[in-house]
Each structure stands twice: as structure tokens, then as C-alpha cells.
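Trainee: Could we walk through this protein together, one question at a time? I would like to see how each answer is reached.

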Amino acid sequence: MADTLEFNEIYQEVKGSMNDGRLRLSRQGVIFKNSKTGKVDNIQASELAEGVWRRVALGHGLKLLTKNGHVYKYDGFRESEFDKLSDFFKAHYRLELAEKDLCVKGWNWGTVRFGGQLLSFDIGEQPVFEIPLSNVSQCTTGKNEVTLEFHQNDDAEVSLMEVRFYVPPTQEDGVDPVEAFAQNVLSKADVIQATGDAICIFRELQCLTPRGRYDIRIYPTFLHLHGKTFDYKIPYTTVLRLFLLPHKDQRQMFFVISLDPPIKQGQTRYHFLILLFSKDEDISLTLNMNEEEVEKRFEGRLTKNMSGSLYEMVSRVMKALVNRKITVPGNFQGHSGAQCITCSYKASSGLLYPLERGFIYVHKPPVHIRFDEISFVNFARGTTTTRSFDFEIETKQGTQYTFSSIEREEYGKLFDFVNAKKLNIKNRGLKEGMKQSYDEYADSDEDQHDAYLERMKEEGKIREENANDSSDGSGEETDESFNPGEEDDDVAEEFDSNASASSSSGDGDSDRDEKKPAKKAKIVKDRKPRKKQLESKKGKDPNAPKRPMSAYMLWLNASREKIKSDHPGISITDLSKKAGELWKAMSKEKKEEWDRKAEDARRDYEKAMKEYSVGSKSESSKAERSKKKKKKQEKQPKGKVEKKGASKSLSSSKSPAKNTNESFKSKEFVSSDESSSGESKKEDSEEEREASPPPSSEDSGSGSD
């Protein structure tokens with residue numbers, strides 16, 4: 001027979017709710033690990049007193065009773081597993097696994113039996129229901145009646161809050177059955193009564209959740225939080241874990257108490273009690289016990305008189321009374337040297353602490369995630385900015401936690417930590433790629449916080465626009481003489497393609513001959529500025545003079561090395577911030593000195609720009625002349641074609657010599673037509689006759705359209 005038995009997806013009944021987990025039976029005892037909280041119940045084999053197998057709602061269940069009266073219930077077994085469990089109990093625990101069925105008759109009159117910490121309501125020999133007395137929060141009596149009130153269960157949608165028992169009177173003298181019933185319940189119930197003096201009191205402690213200042217009174221079995229509005233009584237049995245976490249500013253400490261079940265304030269549940277301490281606060285503490293009692297109970301962990309930092313005293317007392325270890329951050333260190341990472345969870349900003357066995361986020365809302373419940377983690381680029389990234393955690397139950405707005409400098413440290421803990425990384429292999437993508441944006445963020453640099457950039461843009469406007473103005477004549485011709489060529493070719501097909505459209509009237517070219521010339525004129533802008537944006541001349549720097553930039557270039565030497569290891573962003581602060585604090589006289597240097601640099605730039613514009617103008621005019629010649633050569637044969645195509649509408653008396661002269665005047669036609677747009681029709685018609693071949697071809701094309 002095997003020495004161990006393991007069962008997955010087993011449910012433990014705790015305070016009316018079913019918590020899933022894993023059950024393991026071995027020679028040493030029974031171990032159950034809760035999948036949700038990670039809490040481990042360990043029952044030694046020598047403590048087992050009875051084992052009961054019975055049919056329940058989720059199949060079959062196992063009830064274990066210990067010699068000290070504790071009861072443990074586990075459901076989710078299959079019927080076929082009874083023989084295997086029965087043999088294991090006989091071989092290793094020397095117990096018979098008894099089979100007992102629940103009574104389902106529906107009767108409400110029976111017998112109450114108290115066995116250990118269990119109240120059993122039986123009909124005959126069969127139990128109807130059982131109540132763990134540790135679930136009872138209060139017990140009150142009336143005439144022939146006992147009322148039991150229960151702790152609220154947050155994990156269940158519906159909780160049983162109250163049960164009333166009718167206890168009939170008996171003929172026995174001197175014994176009240178109602179009081180006897182109540183005393184049996186109260187002796188085992190989890191009823192908190194603040195009787196006696198507190199061991200010690202910590203006054204006016206700052207509490208983040210629940211928010212406020214509370215006095216903490218330490219009793220032997222529970223702690224009492226006393227505030228101005230609310231009071232809380234927290235049994236030490238509900239404390240799961242203790243955490244002591246240093247704040248990022250290294251001046252404060254968080255002390256976190258994990259609770260299950262949580263404390264309640266109306267409909268709000270607090271699973272964590274978070275206290276905030278200053279490292280500078282000291283306290284001298286005297287326990288309300290004599291030295292022998294302190295030594296006997298705490299075995300040297302506490303002394304009657306203690307002194308030290310307030311957070312050390314609170315954590316030391318809690319550790320001794322709760323008897324649990326205090327979890328502190330491990331060997332993780334972030335980019336700034338802190339043991340935590342600044343991030344945001346949901347709508348609030350807080351601190352994420354990578355621990356040796358999990359992550360904890362404080363403080364609103366507090367979150368604790370153990371490594372063994374993590375399915376995978378994911379590193380995602382921030383949605384709003386390239387300066388940060390998101391850290392996503394998904395648990396095996398499907399719950400997803402997203403910690404956003406983490407500085408990109410923390411990425412390498414966090415990735416190495418997660419990798420060392422052997423957690424499943426969803427986007428493994430992207431570390432180098434993400435680093436490159438972040439470094440790619442490093443230059444854009446270097447001087448982001450420098451107001452003077454931003455102002456300098458704006459001044460530079462204005463100077464550049466002015467320089468472009470001046471250069472456009474100097475070459476305006478050549479551009480205007482060239483661009484319309486280019487547009488004319490395009491229009492002419494477009495209409496020439498339809499000229500032969502539409503030659504029979506006949507002679508256009510004089511009004512149409514006048515209006516059509518004018519309208520086309522107007523369209524060309526509208527397009528000119530846009531084309532100039534495109535040409536000016538195509539590229540910058542590398543030989544052009546460089547724009548002068550502002551007074552602030554001249555000072556920064558001269559002072560950069562001094563700032564670096566005064567602050568070794570300073571980053572580029574911090575250097576820019578520091579420079580901005582120094583510049584603001586500089587006296588007016590020193591600033592005027594740099595303003596004069598900037599003004600001298602601006603004059604030199606304007607002088608160099610004038611010389612550059614004169615040289616570039618002469619070169620551009622030569623280039624324009626050569627382009628003009630090419631256009632003339634290309635346009636001369638087109639003029640002949642237009643002459644033939646439009647010969648029907650022209651007089652036959654025109655000579656070839658005049659035709660060549662007219663083709664030469666075709667570029668001047670647009671400018672002459674624009675200048676004469678406001679004159680009378682008679683003057684327009686005379687100019688039309690002098691340059692008749694080009695317009696007639698365009699008119700014939702436009703008529704065909």
C-alpha cells in the first residue's frame with residue numbers, strides 16, 4: 001500500500017463555505033492546503049480520534065474528529081474512493097472509517113449533543129445538522145429559548161446568521177436547562193469578551209485601512225482597535241500573515257496584518273490591516289504582567305520592559321502573540337535602490353513589493369499574490385506614454401491584476417527577479433526588444449521638463465519660417481514664370497488628347513474664349529503657394545548657415561561639464577532639470593551677459609544668411625533658365641500640332657514665322673491675361689487675336705469636355 005494519498009479539488013467546509021484545495025494523507029497525518037488563501041491545516045496522526053464517511057451535497061465527504069475536540073470536514077470525494085481511504089486509515093491510523101448517513105426526514109424535534117467544539121442536532125441515532133461552535137459570535141437566552149448568532153461569511157452569497165432552539169422546562173430542581181445549554185455553547189464558542197486588563201496599549205496609531213487613528217489594545221487572545229467612530233475586535237486566530245515593509249522614502253514603515261475572515265465596516269470588508277509608522281518614533285513599553293508570567297508565556301521573546309522604535313515594538317508584540325513569522329522584502333532592489341516599485345493599481349497609486357514567495361501591493365486596495373497561485377506574468381508597454389510599462393499577473397483561477405505606470409528603468413530589475421523565481425512569463429524573449437524600444441524614445445524625453453529649451457525651439461521655428469519666406473520672395477519671379485508654364489503644359493496635354501476628336505465642335509464664342517483661360521490661370525495661381533511649401537519642405541540645404549542658439553543654450557553648453565562634476569552619475573533628464581533650476585536662480589546681470597552673446601550670434605547668423613541667400617539666388621536663376629530652354633524646346637513642336645489642330649478656326653493668312661513668335665509668347669499669355677482680367681471685352685479680344693493659337697486649342701479641348 002502507498003504511504004501517501006493525494007486528492008485534488010477537495011473542498012473544506014469552513015464556517016458554512018466550501019474552500020477548494022488539495023488534501024494529502026500520509027503516515028504522519030493529514031494536510032490540507034487552501035488554494036485561495038494558501039493556509040495549511042496539519043492534523044497529526046496521533047491526534048485523530050474518529051473518522052466518518054457520509055454522503056453530502058457534493059458527493060461524499062470525510063469528517064475527522066481530533067482528541068482535543070476539533071472537527072474537520074472535507075467534501076468532494078467519489079464513492080469508489082471509500083475502500084481506498086478505509087484501508088489507509090486501518091493501516092496507518094488504526095481507525096475504522098465509519099459510515100453514517102444524515103437524517104433527511106425533515107423533523108425539527110430532536111436531541112442536542114455537545115461533542116468537543118461541535119453541536120449536533122440528532123433525530124434518533126442519525127444527525128440532522130452540525131454547528132461548529134467556533135462559528136458562534138453570540139449566545140443569548142430567553143424564556144425556554146436559546147439564540148445563537150453566527151459570524152458573517154463573506155465568501156458565501158447567503159449566510160446563516162441566527163438559529164433559535166426551544167428548550168422545554170424539566171422537573172429537576174436547581175438546574176435550568178436553558179442556562180446549561182448556553183454555558184455549553186459559550187464554553188466553546190468564539191465569543192469575544194473584553195474582560196480583564198490589556199497586556200499593553202498603543203495609542204493614536206495611524207491606520208491606512210481602515211482609515212483613521214486608532215488605539216490598539218493587546219489582549220491575550222485578541223487585539224482591540226478603538227477609534228472615534230468604530231471599534232474592531234480581531235482574534236489572533238484570524239491573522240494569516242504579518243508583513244513589515246519599508247516605504248520608498250526610507251523614512252516610514254508599513255506594518256500589514258492579513259486577516260481571514262476580514263473585519264467589517266458596514267458593507268465594506270477589510271482583508272488587510274495596514275499601519276503606517278515613522279522610523280523616528282520611539283516608545284518605552286511596559287507589559288501589564290509580572291516577569292514570571294512574561295517569561296512563562298513568551299519564553300524570552302518579550303520582556304516586561306522594552307524600548308525602541310514604535311514599529312519594532314508593535315511588530316515584536318504581534319509576532320509573539322500571533323505566533324507567526326513576519327515577512328519582509330527579500331533581495332530585490334529597484335532602479336533607485338528601494339525594495340519596492342512605484343506603480344498604479346486600478347485608480348490609485350501605490351507600492352508593489354516583490355517578496356521571496358509572492359507580491360504584495362499597498363495600499364489602496366491592498367493585494368497579496370503568492371507565487372504558487374500565479375499562472376503567468378506579462379510585461380506590456382504602457383497605453384498612455386512610452387516612458388512606462390505595465391506588469392500584468394494572471395492567477396490560476398483566472399483573476400487578472402494589472403499594475404500600470406511603472407517607470408521603464410525598473411523593467412530590467414523586475415524581469416530578472418521574475419525570471420529568477422521561475423515564473424511563467426507570457427512574452428518571454430522580448431526583454432531585449434523592449435529595452436530597445438524604450439531606448440529608442442530616450443532622446444525625446446531628455447529635455448522634456450526644460451522650459452527654456454522649449455522656448456528656444458519655438459523661436460527657432462519662427463526664424464525658420466521667416467527665412468523660408470524671404471528665400472521664397474527672392475525667387476518669386478522665376479517660380480512664377482516657371483510653375484504656370486508647367487501647369488499650362490499639363491493642361492495643354494490633357495486637352496490635346498481630345499482635340500482631334502472634338503475638332504468639329506466648331507468656333508467658340510468670344511466670351512467663352514476670354515473666360516476659360518482666365519479661370520484656368522486663376523486655378524494655377526491658387527496652387528502656387530502650396531507647391532512652394534512642398535518644395536521648401538522637401539529638404540534643407542546642408543550648406544545653409546546654422547541657426548543661432550538662445551542665451552540659455554549657450555550657458556548650458558558652457559556649464560554642462562561643471563554640473564556633471566558637481567553631481568557625478570546624474571542622468572540626462574535630471575541634468576536638464578538641475579540646469580533649469582540653476583538658470584532660474586541666476587542673477588539678472590549674469591543673464592544679461594549671456595543675452596548679449598546670444599544677440600551677437602543672431603547678428604552673425606543674419607549676416608551669413610544674407611550672403612547665403614544671394615549666392616543661392618544666382619544659382620537658382622541659372623537652373624531656372626536651363627529649365628526654361630528645355631520647356632521651349634519641348635513646347636515648339638506642340639505649338640505646331642496645335643496650329644494644325646486649330647487651323648479650321650484660324651485665318652489662313654497667318655505665316656509660319658508668326659506662328660513661332662506666338663508659341664514663344666504662350667507663357668506670357670497667362671500673365672497678360674491675369675493683368676487684363678479687369679479690362680473691357682474689347683481689349684481682351686485684341687489680346688486674344690495676338691495669341692490666338694494656344695487659347696484656341698485649349699478652347700477646343702474645353703468644348704469637347
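Trainee: Before we go on, which atoms do the side-chain values use?
Mentor: This is a predicted model, where local features need pLDDT of at least 70, side-chain atom pairs count only at pLDDT 80 or more, and totals for chains, interfaces and linings use all residues. Residues are numbered from 1 along each chain as its sequence is written, and, with hydrogens and water left out, side-chain values use heavy atoms.

Trainee: How many helices and strands are there in the protein?
Mentor: Helices (H or I, at least four residues) and strands (E, at least two) are DSSP runs, numbered from the N terminus. The protein has 705 residues, of which 40% count as buried. Its elements come to 17 helices and 31 strands.

Trainee: How many aromatic pairs does the structure hold?
Mentor: Rings of Phe, Tyr and Trp (its six-membered ring) pair if their centres lie within 6.5 Å; planes under 30 degrees apart count as stacked, over 60 as edge-to-face and the rest as tilted. By that rule, the number of aromatic pairs in the structure is 28.

Trainee: Why is the pair of Phe 32 and Tyr 74 given its name, and what is that name?
Mentor: The two ring centres are 5.3 Å apart. The planes of Phe 32 and Tyr 74 stand at 45°, so the pair is called tilted.

Trainee: How many residues apart in sequence are the parts that this pair ties together?
Mentor: Phe 32 belongs to strand E3 (residues 29-34), while Tyr 74 belongs to strand E7 (residues 71-77).

Trainee: What kind of pair do Phe 114 and Phe 181 make?
Mentor: Their ring centres lie 5.5 Å apart. The planes of Phe 114 and Phe 181 are at 75°, so the pair is edge-to-face.

Trainee: In which helix does Phe 181 lie?
Mentor: Its partner Phe 114 sits in strand E9 (residues 111-115), and the pair ties together parts that are 67 residues apart in sequence. Phe 114 is partly exposed, at a relative accessible area of 31%. Phe 181 itself lies in residues 177-188, which form helix H2.

Trainee: Which residue lies over the face of Trp 594?
Mentor: A charge sits over a ring if NZ of Lys or CZ of Arg is within 6 Å of the ring centre and within 35 degrees of the ring normal. One such case is Lys 105 over Trp 107, at 4.7 Å from the ring centre. Over the face of Trp 594, at 4.1 Å from the ring centre, lies Lys 597.

Trainee: At roughly what angle do helices H11 and H12 cross?
Mentor: Axes are lines fitted to C-alpha atoms, for helices over the stretch in contact, and angles run from 0 to 180 degrees between N-to-C directions. The axes of H11 (residues 551-566) and H12 (residues 572-585) come within 10 Å. They cross at roughly 115°.

Trainee: How many charged residues does the contact of H11 with H12 have?
Mentor: Contact means heavy atoms within 4.5 Å; the residues that meet include Trp 555 and Arg 560 in H11, and Leu 575 and Lys 578 in H12. Ala, Val, Leu, Ile, Met, Phe, Trp, Tyr, Cys and Pro count as nonpolar, Asp, Glu, Lys and Arg as charged, and the others, Gly among them, as polar. The contact divides into nine nonpolar and two polar residues, and the number of charged ones is three.

Trainee: Which residue does a cis peptide bond join to Thr 209?
Mentor: Omega of this bond is about -10°. The loop between strand E15 (200-209) and strand E16 (212-218) holds Pro 210. The residue joined to Thr 209 by the cis bond is Pro 210.

Trainee: Last one: is Glu 299 buried or exposed?
Mentor: Glu 299 lies in the loop between helix H3 (291-298) and strand E23 (305-309). Its phi is near 50°, a positive value in a residue other than glycine. With a relative accessible area of 62%, Glu 299 is exposed.

How values were computed: Buried < 20%, exposed > 50% of the residue type's maximum accessible area, 1.4 Å probe, protein only.
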